[in-house]
Amino acid sequence: MAELDERAWADAIGMYERRYTYAKVTGRDHADWALDVDRLMRGNTPDVRGWRVNDPLAGEFERLDDPYYPFALRPDAARTDAWKYHLDEIPRSSAKRFLVALSTLWLNVEDTPEFEERREDLERRAEVILSRFPEGSSRFYANTGSESARLDYYKRISGCDPISVHDWDLGLFLVSDTEVGMVWSFHAW
């Protein structure tokens with residue numbers, strides 16, 4: 001695996017350029033990581049290290065009235081537990097596969113042409129993203145339902161608990177002691 005640096009990070013999140021996908025990281029300021037997610041959902045949040053972010057709506061008109069667009073459900077101090085109800089913790093191995101699935105055109109590995117030819121590169125990029133979140137001290141949360149921890153993310157994902165204005169969004173929060181990140185993809189039908 002490539003050493004984690006700005007160049008490796010930019011290459012890794014580059015796999016989300018073809019999708020309506022947010023990929024960004026901010027610092028932890030709160031004991032409850034969900035409160036830091038609020039900053040990630042804002043359209044103008046730079047990476048805490050100054051590294052590249054993937055924000056497909058940067059500068060778009062939808063954000064003029066609502067800097068959180070397309071997110072409809074955001075955590076606040078009074079209801080972080082209710083907000084976390086939409087998420088389930090998944091193991092690191094599942095997070096790696098989910099990061100790959102989130103880069104696919106239809107959020108479906110099984111329907112991705114030539115996936116096997118690209119798999120090694122996509123998995124390498126997912127490992128770079130995960131390397132920013134140290135093994136043993138990081139946690140991962142998906143909105144793919146109560147069976148999230150047991151899903152094979154290389155199979156069709158059949159459900160989600162949306163937190164956006166869209167009917168279908170899939171995403172992952174990555175949480176360490178010092179940073180919180182998100183990779184969140186949307187189908188805007």
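1. Helices α5 (residues 92-101) and α6 (residues 115-131) have axes that come within 8 Å and cross at roughly 125°. Axes here are lines fitted to C-alpha atoms, for helices over the stretch in contact, and angles run from 0 to 180 degrees between N-to-C directions. The two helices are therefore oblique to each other; angles under 35 degrees count as roughly parallel, over 145 as roughly antiparallel, 65 to 115 as roughly perpendicular and the rest as oblique. α5 passes α6 in a right-handed crossing, that is, the near helix is turned clockwise from the far one by less than a right angle.

2. The α5 side of this contact (heavy atoms within 4.5 Å) consists of Arg-92, Ala-95, Lys-96, Arg-97, Leu-99 and Val-100. From α6 come Phe-115, Arg-119, Leu-122, Glu-123, Ala-126, Glu-127, Ile-129, Leu-130 and Ser-131. By class, eight of these residues are nonpolar, one is polar and six are charged. Ala, Val, Leu, Ile, Met, Phe, Trp, Tyr, Cys and Pro count as nonpolar, Asp, Glu, Lys and Arg as charged, and the others, Gly among them, as polar.

3. The model is predicted: local features need pLDDT of at least 70, side-chain atom pairs count only at pLDDT 80 or more, and totals for chains, interfaces and linings use all residues. Residues are numbered from 1 along each chain as its sequence is written, and side-chain values use heavy atoms, with hydrogens and water left out.

4. An open sheet is formed by five strands in the order β1-β5-β4-β3-β2, with antiparallel pairing; two strands pair if DSSP finds at least two bridges between them. β1 (21-27) and β2 (88-90) are the edge strands, each pairing on one side only. From one strand to the next, the twist averages 20°.

5. Three bridges join β2 to β3 (residues 139-142). Within this antiparallel pair, Ile-90 stands opposite Phe-140 and Asp-88 has Ala-142 as its bridge partner. β3 is also joined to β4 by four bridges, and there Arg-139 stands opposite Val-175.

6. Helix α5 also packs on the sheet, where it touches β2, β3, β4 (168-175) and β5 (179-187). The direction of α5 makes about 135° with that of β4.

7. The protein chain holds six helices and five strands, in the sequence pattern α-β-α-α-α-β-α-α-β-β-β. Helices (H or I, at least four residues) and strands (E, at least two) are DSSP runs, numbered from the N terminus.
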